[in-house]
Amino acid sequence: MRTVIFRTSAPYLTSLMVLFSVFVLLRGHNEPGGGFIGGLIAASAFAIYGIACGVSPVRRALYFHPMALSGFGLFLAALSGFASLFFGVPFLTGLWTSPEILGVTVDLSTVLFFDIGVYFVVVGSVTSIALALEERERL
Amino acid sequence: MAVSSANTVDLGAAMVTAPTALADWVVILPVALPILGGAILLMVRHQVRLHAWMAVVVAAATLAATTALLVRVIAEGALVMTMGRWLPPFGISFNADALGATFALTATFVTLVGALFAIRDIDATGRRYGFYPFLLLMLAGVNGSFLTGDLFNLYVWFEVFVISSFGLLVLGSEQRQIDGASKYAVLNLVATTVFLIATGALYGTLGTLNMADIANKVGAARETGPLMTIATLLLLAFGMKAAAFPLNFWLPASYHTPRIVTSALFGGLLTKVGIYALLRSMMVLFPLERVVLSDLIAWVAGATMVLGIMGALAQSDLRRIVGFVVVSGIGVMLAGLALGSPLGLAGTVLYAVHSILIMTALYLLVGLMYEAGGSYSLHDIAGLYRAHPLLAAIAFALVLAAAGLPPLSGLWPKVVLVKASLDAGMWWLAIAILVSGILTTIALARVFALAFWRDRPDAGPAAGDGAAAQLGGGYAILAGLLVPAIWIGIYPEPVLQLAQLAAAGLSDPSAYLEAVFPLGPGS
């Protein structure tokens, strides 16, 4: 699998896929997409990078351990439910705010943070499975 | 999208408009706190020194939340919070009544004890594998199962604790553990698949998964829908989870493989989730179908309690013996479900509380016996009475408790269940309960006689004072489990009243249904 062509193109492919996964994540609320599918795209990006260049460059590039990313995602998702504590509404209620940032109206919501949490859970768990399998192959 | 003020949509038709009081959050905290704690532990998974005390703090906070929940439920009746403000049955309700809150409180208490015991039992490798995150996520799954008011959500919580328990089972990746875990995994996956099929069929029949909504609508569908099939499938799925005969073989085959504290929590908690799900689904969702099935449940109960304990008599591995004692206790709990009378159900609830405490304590005792005697085999272990008199005293108390003898907690639920069986004219069920009690006494007395009273063949105590000092922490933790058991045994009135309150909620679920639909069915 480690041909020169693949190794040269893999970093570009990976960065494009990660960028695309963020795009899919963010547009997911009203159009096809969302945290789960975005997370899968990002995880496959890391898997491709791992196949092309080996597992340890991926781990170095991620900096955090994939399981830690997963934990962060779960934490963020659970925390987004707690925001409704301060508004007298039940757990996990979607709360919206639309601040103007640099002249653009940006819709922020707890739903978005929940979805980002899902994204990290999927990226973390699928990447850690994929990397573990790729490591095992070379034994 | 954001609902702008220009929209004149009547939100009251779709959403909960009454503000949620801060105090109502106790319904969700028993689940949300362990999830948050487990997530934080995953993030700091390499700082294994932090894990133990962080998990203990989170479990203690969860214990406080479940205690507050139980106090409120006793004072005010069933408490409901529907996620995301959507009105039930569209939003997923968390619906805490006396039954769920009692189970959640006991489960959280035992998990806290387990987290404390794990400080001495689980080494740095086990922690790096993620013992404590799995423990907290399992607690979240178990509490979620006890508190949710939605059948599909119940399935999700089953998955949460089953997956966490896989993680706990294979901690250490020994070959023996993989063997035990694969049996456990396959049987549990079969059970959850059956559960999922039943859930799908139920949704196809009634168009709803909210338990209160199902209970309201089930009467109208009785002529047309395959309700008997669904109820039987649920009985099969939850019976498998609870390790009822003839689907109990996976439990003794897998529960002896993991670390002892993991076995203790599994034996204490996981089978009781199956019992809880059986109580909830049979009594609240399918009351008439349960009456038809009650003879079957009674036979299963009798066979589970007698054949289960016979397995214990035939074993020589301490952990397998306790595994069979757990199975036998499941039969006793099913007896109350078979009877279906308020008294019988109260007996089941009381026995479940007792069983969560005592089965965990038995496994932890076996762990301490291993540390003191160096073996799990009854052939090798001996002379513990001379070397560790305090351990012998605790063991004696636990034998009494598990066998259902005074003055510990095992006595009262059996008295209640025997009385309920005789009231219903099912004398053979009463005899089965008494016979299983006698056989439990024999099985555990055999352990006690061989492990504690028999002198070591090589004479002279092998374990010196050093071992006794190490066991000190273990004694304290076991004693912590024994305190509520002795309290229930000597002064059963408050817990019996609580069990009767929980049973009343099962026999007449109208308060439970009203809590979800305050305006009556179909509103």
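Let's start with a charge sitting over a ring: B:Arg120 lies over the face of B:Phe117, 5.4 Å from the ring centre. That label applies if NZ of Lys or CZ of Arg is within 6 Å of the ring centre and within 35 degrees of the ring normal. B:Arg319 does this too, over the face of B:Tyr376 at 3.7 Å from the ring centre.

A quick word on what you're looking at: this is a predicted model, where local features need pLDDT of at least 70 and side-chain atom pairs count only at pLDDT 80 or more, while totals for chains, interfaces and linings use all residues. Residues are numbered from 1 along each chain as its sequence is written, chains are lettered from A in the order in which they are written, and side-chain values use heavy atoms, leaving out hydrogens and water.

Now for rings meeting rings. Over all chains there are 29 aromatic pairs (rings of Phe, Tyr and Trp, the last by its six-membered ring, with centres within 6.5 Å; planes under 30 degrees apart are stacked, over 60 edge-to-face, the rest tilted). One of them joins A:Phe72 and A:Phe120 edge-to-face, at 5.2 Å centre to centre and 80° between the planes. A:Phe72 sits in helix H4 and A:Phe120 in helix H5 of chain A, 48 residues apart. Because its relative accessibility is 32%, A:Phe72 counts as partly exposed (buried is under 20% relative accessible area, exposed over 50%, partly exposed in between, with a 1.4 Å probe and protein chains only).

Over in chain B, B:Phe146 and B:Tyr276 also pair edge-to-face, 5.1 Å centre to centre with 75° between the planes. Both are buried. Finally, ring pairs link B:Phe152, B:Tyr155, B:Phe158, B:Phe161, B:Phe195 and B:Phe238 into a cluster.

Terms used
Helices (H or I, at least four residues) and strands (E, at least two) are DSSP runs, numbered from the N terminus.
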